[in-house]
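Consider the protein model shown below.

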Amino acid sequence: MASSMAAAAAAAAASLSPPPLSTERSVARCGHLFPGSPASSRPLRFHSARRGGLSPATRKPRSLPRAAKAVVAVKADPLKVMIAGAPASGKGTQCELIKTKYGLVHISAGDLLRAEIAAGTENGKRAKEFMEKGQLVPDEIVVNMVKERLLQPDAQEKGWLLDGYPRSYSQAMALETLGIRPDIFILLDVPDELLVERVVGRRLDPVTGKIYHLKYSPPENEEIASRLTQRFDDTEEKVKLRLQTHYQNVESLLSIYDDVIVKIKGDALVDEVFAQVDRQLTSSLDKKTGMVASA
């Protein structure tokens, strides 16, 4: 009797105790721990996009979380670039290379002024009146031309490259007042003696309009060489005066654009100079993209 009661008590205790632990393991999946399968079963494996018999091309892509979608949809503002350089610094060549690679809208204040006059716009008519009197066109008129050009859809969408403008403190302050400011101001720096050599050696072919240089890009034959002409201001005396004006203009802009001015050594080969320019523009664009991504 006593033995049967002891057996019954043991059976009841056994039913109340937890089941024995199976020999399981934990498997790490993408940084999280998941209960593993029994040791006797095959190990878990991760599969590629072909899982379930679907090829990567036909398998429906996993949708991104809403927050991730919002970040992807945000696009950084396009680059806004100003560039300046002394006469014969190679600024025109670098502008072409920048425009080709980055797709920026190239805007030259001088070209813009001539185009406005030719089109007979209100700004053009006002500018023409001053020019016909032999007077300088007031900053107000040129700033309005630049502002209206920068606000056009192509410049807003693609970004802009403002060439040789502003040239004075008052012009720069006028742009600042309008909220027009570059991401980067590229300043081509070339030694004076090389600038003088480049300018004095320049020649123009009046037939084709092509520019040659007696040392760096001589004419193809004697026939072309015989008809080349030199611009009246491409003399050593005139170019030194122009350089003096250029340095005065740059000095007046430093207080406004000091935080975005980047000096580029312009006394190397064209491709080497552009490599420097390219690195600076890429860095500036990366900063803009990074700011948007972290916002």
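Two exercises with worked solutions follow.

The model is predicted: local features need pLDDT of at least 70, side-chain atom pairs count only at pLDDT 80 or more, and totals for chains, interfaces and linings use all residues. Residues are numbered from 1 along each chain as its sequence is written, and side-chain values use heavy atoms, with hydrogens and water left out.

**Exercise 1.** Identify the residues that touch the most other members of the largest nonpolar core, and the element that gives the most to this core.

*Solution.* Step 1: a nonpolar core is a set of buried Ala, Val, Leu, Ile, Met, Phe, Trp, Tyr and Cys residues joined through side-chain atoms within 4.5 Å; buried means under 20% relative accessible area (1.4 Å probe, protein chains only).
Step 1: the largest core has 30 residues, and those touching the most other members are Val146, Trp160, Leu162, Tyr165, Leu175, Phe185 and Tyr257.
Step 2: elements giving two or more residues to this core include β3 (80–85), α6 (139–150) and α11 (236–257). Helices (H or I, at least four residues) and strands (E, at least two) are DSSP runs, numbered from the N terminus. Helix α6 gives the most, with six residues.

**Exercise 2.** Determine how α5 is oriented relative to α6.

*Solution.* Step 1: α5 (residues 122–132) and α6 pack at an angle of about 150°, with their axes 10 Å apart. Axes are lines fitted to C-alpha atoms, for helices over the stretch in contact (heavy atoms within 4.5 Å), and angles run from 0 to 180 degrees between N-to-C directions.
Step 1: this angle makes α5 roughly antiparallel to α6, a term for angles over 145 degrees.

Terms used:
Buried means under 20% relative accessible area, exposed over 50%, partly exposed in between (1.4 Å probe, protein chains only). Angles under 35 degrees count as roughly parallel, over 145 as roughly antiparallel, 65 to 115 as roughly perpendicular and the rest as oblique.
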